[in-house]
Amino acid sequence: METLARRKFLEFLAASPLLAALGPYRLLAAEGATDADLQRLAHLVTAPEDALDVFDLHRVAREVLPTAHYGYLATGTDGNETLRSNRAAFEKVYLRAMRMVDTRQIDTTTELLGQSLGSPIVLAPAGSQRAFHAGGELATARAARERGHLQILSNVSTHGIEEVIEARGEPVWFQLYPTSDWSVARRMLQRAERAGAPVVVLTVDLNSGSNRVLEAYYARKDGRDCEQCHAPGHADWLERKPMYFETGAREEAFSTPGMTWDYLARIRAATGMKLVVKGIVTGEDAAACIAHGADAVYVSNHGGRAEASGWGALDSLPEVVAAVDGRAPVLVDSGFRRGTDIFKALAMGADAVCVGRAYLWGLAAFGQAGVARALELLQAELTLVMGQMGTPTLADIGSRHIGRH
Ligand SMILES: Cc1cc2nc3c(=O)[nH]c(=O)nc-3n(C[C@H](O)[C@H](O)[C@H](O)COP(=O)(O)O)c2cc1C
């Protein structure tokens with residue numbers, strides 16, 4: 001880029017909301033932006049409504065986030081094997097369109113565990129959302145309210161469940177990392193139930209930890225002084241999470257390698273909330289969930305952040321659906337970025353599809369408006385593909401609408 005064009009471009013950016021969002025961290029604020037940097041930034045959208053798909057939001061998120069925080073958002077385990085398999089799984093399934101159906105009215109309403117939903121698209125639980133935007137989980141909740149989607153709140157959130165429910169305007173579901181100290185888990189369950197959460201989602205795919213090597217690389221690359229915001233060595237990270245306040249939790253209790261199926265009975269005895277088990281990838285475990293009293297099974301590999309299995313979540317969905325055999329609803333997440341992805345899972349028998357990074361990209365890029373735009377895009381894409389496939393309601397979607405390469 002020659003000098004005049006470069007100056008013009010910097011003037012344009014100075015007038016756009018993007019520059020403010022870039023904050024002190026990134027390239028533009030530094031005098032040293034290279035031509036390659038500027039060319040890349042020229043393709044970013046500067047307002048949420050300009051995003052054509054959720055990947056437009058991703059590109060902005062990558063620029064505005066501190067390097068370490070982007071690493072937390074973006075990476076999976078080992079060399080991202082499972083993350084890639086999640087996306088590759090969608091390519092193996094194609095859509096079979098049925099023509100000449102009256103699709104003037106597309107209806108995406110559904111019912112899940114006794115709750116009426118306007119859409120089967122649900123916000124998956126994600127921790128530490130203030131690492132992505134100052135509004136954190138409250139911005140997410142306001143967007144979920146604006147667009148009418150169910151939100152699942154992580155128990156390592158940066159806002160407590162009471163204020164999230166207030167921002168959402170109706171109860172959210174509560175996701176629990178149990179901790180190996182039962183009294184900590186029990187206190188959190190009681191608090192969530194008191195706040196009005198109707199469902200607890202027990203996450204079982206990190207019991208033995210995960211190898212987040214790429215996240216550590218990003219953190220190493222980040223030149224900022226992390227201790228300005230985090231305690232030295234991040235020693236107090238659990239204590240800083242509002243859901244752990246006054247539970248007496250110690251960090252070492254976060255690891256739960258001893259957790260087995262009898263934990264479900266403990267939860268059932270401790271709370272009246274319905275119980276969903278998140279992180280299931282096999283038919284055997286899906287059957288065990290039902291046998292141990294789960295109300296729903298949630299297929300997930302944590303967005304490629306649990307084990308480096310190299311097995312896409314969509315590929316593990318059919319055996320779970322077969323094992324559950326209609327006895328309980330099946331939710332799924334990991335890798336969903338487009339309406340066609342969501343449609344494929346619904347055609348395979350999922351009752352709801354949760355999204356993680358797709359809305360977190362929106363949060364990082366533009367706060368509440370970015371989350372709302374991500375949800376608007378996904379909902380519009382799902383509505384479009386339902387029309388194309390000749391399926392005016394979710395009940396019309398079935399296995400005849402997909403095939404395998
Ligand atoms: C930044 C980030 C934080 C997450 N935090 C949690 C969490 O606290 N609890 C949980 O059960 N899952 C957590 N997950 C996993 C999500 O619930 C979900 O399974 C995953 O994001 C789905 O994959 P996707 O991001 O490809 O949509 C997190 C995922 C991301 C990307």
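Author: Strand 6 (residues 173-176) and strand 7 (residues 199-203) are paired in the parallel sense, over 3 bridges. Strands here are DSSP runs of E with at least two residues, helices are runs of H or I with at least four, and both are numbered from the N terminus; two strands pair if DSSP finds at least two bridges between them. Within this pairing, V200 of strand 7 is the bridge partner of F174. Between strand 6 and strand 7 the chain passes through helix 9 (residues 182-195), a right-handed β-α-β crossover; right-handed means that, with the strands pointing away from the viewer, the path from the first strand over the helix to the second runs clockwise.

The model is a predicted one, in which local features need pLDDT of at least 70 and side-chain atom pairs count only at pLDDT 80 or more, while totals for chains, interfaces and linings use all residues. Residues are numbered from 1 along each chain as its sequence is written, and side-chain values use heavy atoms, with hydrogens and water left out.

On its other pairing, strand 6 meets strand 5 in the parallel sense over 2 bridges, and F174 is there the bridge partner of L153. Strand 5, helix 8 (residues 161-168) and strand 6 form a right-handed β-α-β unit. The side chains of strand 6 divide between two directions: W173 and Q175 point one way, F174 and L176 the other, and all are buried. Buried means under 20% relative accessible area, exposed over 50%, and partly exposed in between, with a 1.4 Å probe and protein chains only.

These pairings belong to an open sheet of 8 strands, ordered 4-11-10-9-8-7-6-5 with parallel pairing. Strand 4 (121-123) and strand 5 (152-153) are the edges; each has a single partner strand, so one side of each is left without a neighbour in the sheet.

Strand 8 (residues 274-280) runs parallel to strand 9 and is joined to it by 4 bridges, with K278 standing opposite Y298.

Helix 13 (residues 313-324) contains L314, which is buried at a relative accessible area of 1%. Its C-alpha is 8.0 Å from that of V332, although L314 and V332 are 18 residues apart in sequence. Leaving out residues up to four places away in sequence, L314 touches A89, F90, V93, F336, A345, M348 and R404, where contact means heavy atoms within 4.5 Å.

Several of the residues named so far also belong to nonpolar cores, a core being a set of buried Ala, Val, Leu, Ile, Met, Phe, Trp, Tyr and Cys residues joined through side-chain atoms within 4.5 Å. The largest has 105 residues, of which I161, F174, L176, I267, L314, L317 and F336 touch the most other members. Helix 16 (residues 368-389) gives the most to this core, with 10 residues. Apart from it lies another core of 16 residues, including L113, L150, W173 and A296.

Just after helix 7, G148 takes a positive phi of about 75°.
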